[in-house]
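Biologist: I am new to this structure. Could you please take me through it step by step?

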Amino acid sequence: MSLEVPRELREEARKHDMYLTPIAKDTYELFFGPQHMATENFSIILKMDGNRVEKAIVNPGFLHRGFEKLAEQRPYFTNIALLLRICVPESDVPENIYSMAVDEIVGWEVPERAIWIRTVVLEMARVSSWMFWIMGFGNEIGLYTAGQWAAAYRERLMRLFEELTGGRVYHIYTVPGGVRRDIPGDKWLRQLRDTVEYIKSKLKDFDEILFDNYITFERTEGVGVMDKRFALKHAVTGPNLRAVGVPYDVRKDDPYYLYPELDFEVPVLKEGDSLARVLVRRYELEQDLYILEQLLDMGPPSGPYMVQDPKLKNLPRFKVPAGDAYAHVESTKGDFGAYVVSDGSHKPYRVHVRGPSQSHGVTVLEELLKGARLADVPVILKTLDNCPPDIDR
Amino acid sequence: MFEWKLALEAIGMVIYATFMGFIFMGIERKAMARIQRRVGPPIYQPIIDTLKLLGKKESVSHGFIYDFGPVFALGASIAALLFIPLANFQLFSSNADLIVVAYLLEVPMLGIMLGAMSSGNPYSAVGVQRGLLTMVAMQLPYGLALIAIAQYWGTFKLNSIVALQQLHGWSITVPALLLAFIVFDIVFQAMLGLEPFDIITAPAEISMGPMVEYGGKHAALLFTQHAVQLFAETAFFAVLFLGGASNLLELLIKQIAVLFIAIFIASIYPRFTIDQAAKFFWKWPTILGIIAVILAGW
Amino acid sequence: MAVTDNEVKNKVESTQKAPQDTQNAKPELPNTKEGRLVKELLEKAPYAEGSVRREKRIEFRVPAERIHEFLEIASEKFEMLMQISVVDWLKEGEFELVYQLWSVSESVHAFVKTRISRENAKMPTVMDIWPVAETYEREAHEFFGIIFEGNPRLGPFILEPREYEKHPLRKDFNTLSYVKTIYGEDFDRYDESKTNYVI
Amino acid sequence: MGGDFISYELKEFKLFEPLFRWARKKSIWLVAFCTGCGGIEMPPLVTARYDIERFGMMPNPAPRMADLFLITGYVTPKTLKRIIITYELMPDPKYILAHGSCPINGGVYWDSYNVVKQLDKYIPIDVAIAGCMPRPEAVMDGIREIMRKIENGEADGWRRYRENYEWYRKNQDELFGEGWRERDAKRWLAWL
């Protein structure tokens with residue numbers, strides 16, 4: 001009894017001339033993931049011709065849990081604890097889109113304080129997600145130092161999240177009608193300001209080591225080029241779209257929460273290659289830190305942090321009037337949207353989430369990988385910022 | 001007539017080199033961790049790793065060449081070590097041991113390639129292609145740096161190079177050889193398999209490349225080989241450019257200095273792709289190398 | 001941003017009225033950016049019904065057989081197809097397909113709704129208009145069993161073949177009983193009577 | 001072959017066994033396969049705040065060199081196939097640490113049609129950590145537990161797998177259908 005791959009299978013493979021296929025023929029098949037450092041939980045089947053990718057077939061679905069089915073079986077408020085698992089690095093985004101959609105169907109006016117807290121939480125999630133992205137990108141191109149630093153700075157935000165919400169990764173914090181808990185106190189706000197300043201002071205280090213590095217330029221310049229028409233037809237959103245010269249940002253174009261009152265810029269580059277995508281992300285990180293500073297200067301408005309509604313007494317049987325709504329926010333990956341349909345009962349009739357990676361993680365990736373070198377595959381993957389749970393759900 | 005003394009010296013030297021090589025690997029990991037603001041593993045961690053790998057059961061082999069590859073690599077590394085003058089020990093010596101050592105240090109790569117090729121894993125195959133191309137690319141500046149050395153000191157004998165350096169000052173104090181030093185240092189990153197030239201094992205691209213199929217005792221052999229190789233390469237570097245050493249402690253200090261340069265470079269640069277690396281090697285280091293050769297022969 | 005009461009009323013009215021007076025729906029359109037956009041599109045496609053929900057949200061109802069034609073016209077204004085949402089209305093025996101469009105130039109989101117029968121659900125593909133529709137259609141096909149004619153890559157995409165055949169997001173697929181059959185006694189939290197089935 | 005291995009452990013290396021156990025405990029290499037949402041807690045574990053490299057642990061991209069398989073979160077049947085193949089690629093002795101509630105009983109996805117409910121039926125688990133998501137401290141506690149088990153020789157998941165291979169194989173075949181190895185694994189590992 002052999003416990004490694006069965007011997008008969010090995011014999012079979014040899015018989016069918018599959019042994020040494022990769023070297024004997026000019027094209028070979030490379031299974032890129034899911035057990036691979038670059039593509040976590042995501043598989044790409046690469047048909048390689050030497051060092052070049054001839055054809056790429058994306059094979060997602062390792063993370064499919066049937067969220068949309070499960071959400072139909074749980075009450076409105078319980079769904080928060082479920083749907084936030086769609087986007088793991090930035091779990092506040094699914095919470096917020098779902099809450100916004102439910103707020104719109106019910107017709108709630110969310111209190112100002114809750115709006116402020118939600119905006120802060122979203123921006124913190126964005127900053128921590130950028131940190132995570134820097135880590136991922138650093139690891140892909142072999143600059144582990146920047147990655148390690150970024151992950152360490154992200155821990156400061158995690159600590160603040162923990163104090164605010166009680167959870168490190170999954171916060172279950174934004175609920176329809178407001179937020180679940182109030183801000184812990186002024187000390188937390190001071191800590192947040194310190195953290196923002198700290199990360200801001202460390203941006204210089206990242207510039208020197210990663211964003212202004214000769215080899216980073218070499219690795220990313222001219223790799224995975226998209227043009228504007230292609231990006232629009234493929235519904236590429238977020239930093240990837242802004243890197244081809246379309247200044248589309250949900251926070252500006254379909255403003256929600258406090259964003260109309262905030263002063264920030266939408267960085268746009270027009271080259272459309274990996275370098276442009278990297279630099280757009282770097283400028284956005286700066287803008288997000290600036291937004292957080294402004295929010296902190298504004299200070300939390302007084303008032304309740306949850307909408308006052310007698311219907312909320314019996315939460316599990318809380319009924320939502322019939323109707324449908326689509327809400328979307330700007331996440332670091334792109335335009336994250338949710339379509340919620342209610343039939344008047346206490347469970348949503350249908351929740352459909354639009355993950356940004358659905359558009360740039362499948363067809364776009366397959367197109368961009370065509371003709372890329374093997375070494376460019378992780379760079380393209382990471383500069384598109386593909387998040388497999390978005391696709392699988 | 002069997003020379004007991006020589007045999008004992010050889011064994012002692014190999015054991016010392018292996019041990020110090022492991023410690024060097026530990027220093028490398030520890031220093032990297034400190035740069036990355038971590039505590040890092042204990043300095044003797046590679047020894048534990050190798051012990052553990054030796055204690056693993058391995059039921060997979062891909063044939064004789066697969067098993068032979070690591071042994072071949074280890075043998076070549078040890079052979080290279082025996083030709084390098086380590087302080088006052090130099091077990092074998094010939095009139096052109098500079099060339100012998102320079103090319104024995106390249107042979108282990110071929111051994112690993114041989115074994116990896118026979119595993120049939122496509123990632124190994126890609127890693128092997130990259131490894132061979134890196135070797136071809138770095139030969140030119142590497143050769144130029146060595147020629148500059150040989151030309152300036154007028155000998156291919158490592159012993160004489162050390163003696164001359166102790167007489168006339170270290171190689172790096174000579175302007176021509178300073179350029180050769182820079183060239184050699186760039187090549188050195190590739191020889192150690194560190195960034196920006198860790199193209200062979202790029203974990204995020206081809207998940208360890210040639211090593212992907214090696215596990216258990218094979219991996220332990222490769223680890224040992226890497227340790228010996230690390231020791232031999234740093235010693236070679238110290239002998240060529242830092243004036244050699246009169247005792248093992250002095251040599252050790254010089255080796256660690258060399259190692260730290262490599263670590264610092266590795267921790268602030270990302271990885272090249274293979275074609276960029278080849279282009280890079282054939283551009284700046286080659287130009288510098290040619291200038292060094294011309295200056296050395298002046 | 002939460003909607004105000006007025007807008008909610010508007011929305012309820014428009015959704016209620018729209019099915020009743022289809023011909024006279026046009027005068028309702030407000031004189032805003034959204035209203036003008038709807039008017040412009042309805043002139044080109046008189047078979048569709050359009051309404052303005054609120055600021056930056058407009059809605060169209062299109063008969064299923066002319067959906068491709070309508071989307072082709074709409075694609076001039078709406079550059080991006082954000083999603084194809086399918087809602088399974090079991091009682092009516094219909095699938096509702098909602099094409100979520102976004103106009104980058106006008107910053108308006110449009111719902112294009114169409115209904116098809118649940119039996120032998122077939123739709124023309126819109127891959128030729130927006131290539132990204134390939135992914136959305138593959139997903140809709142996988143979870144609901146709708147066949148998009150012209151899409152070459154329909155088949156198991158996210159799911160394994162066994163679950164794919166069941167089209168799990170259909171309302172008549174019972175995940176509890178399915179899990180019971182697959183995992184048997186591992187499924188220890190299953191409540192037959194479903195009385196306590198509020199998690 | 002099972003008997004073969006036991007004799008290997010007992011006879012030839014009996015003298016060195018405590019040494020090897022110590023080395024195994026001190027040098028646990030992880031498979032870099034983050035199989036679920038718990039993968040998000042891996043970077044904090046290997047970076048500055050928690051830094052498990054202090055204990056000699058490090059993620060390794062090649063399953064052939066790995067010792068510990070960290071199942072970080074729920075497992076779908078599609079992933080489980082890959083997990084089983086990866087697990088079988090790892091050389092003995094090998095350990096599995098299940099991370100989170102989902103591998104224990106399905107967790108929040110207890111009624112999901114695409115999540116494996118009890119992972120222990122398909123591959124042997126040595127230590128399970130409850131919680132969703134377990135904090136890095138909890139994971140480190142689990143790691144300490146597995147270190148203790150390795151030192152005492154109690155972490156015998158690989159031996160259980162070897163001895164009860166038929167049973168595990170039967171469960172796997174029930175879930176995936178007969179012949180899945182021949183269908184899928186041959187494609188993934190053509191060179192074997």
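**Sheets in chain A, then chain B**

Modeller: In chain A, the strands β6, β7 and β8 form an open sheet in the order β6-β7-β8, with antiparallel pairing. Strands (E, at least two residues) and helices (H or I, at least four) are DSSP runs numbered from the N terminus, and two strands pair if DSSP finds at least two bridges between them. This is a predicted model, in which local features need pLDDT of at least 70, side-chain atom pairs count only at pLDDT 80 or more, and totals for chains, interfaces and linings use all residues. Residues are numbered from 1 along each chain as its sequence is written, while chains are lettered from A and ligands numbered from 1 in the order in which they are written.

Biologist: How many bridges join β7 to β8 in chain A?

Modeller: Five bridges join β7 (residues 335-342) to β8(A), and the two run antiparallel. Within this pair, Gly337(A) stands opposite Arg354(A) of β8(A).

Biologist: What is the strand order in the open sheet that contains β1 of chain A?

Modeller: The order is β1-β2-β3 (chain A), again with antiparallel pairing. β1 (27-32) and β3 (52-59) have a single partner strand each, so one side of each is left without a neighbour in the sheet. Six bridges link β1(A) with β2 (residues 43-49) of chain A, and Leu30(A) has Leu46(A) in β2(A) as its bridge partner.

Biologist: Turning to chain B, how many helices and strands are there?

Modeller: Chain B has 13 helices and zero strands.

Biologist: What share of its residues is buried?

Modeller: Of the 298 residues in chain B, 61% are buried, that is, 20 or more other C-beta atoms, placed from the backbone, lie within 10 Å of their own. The C-alpha trace of chain B spans about 55 × 50 × 40 Å along its principal axes.

Methods:
Buried ≥ 20, exposed ≤ 12 C-beta atoms within 10 Å, placed from the backbone.
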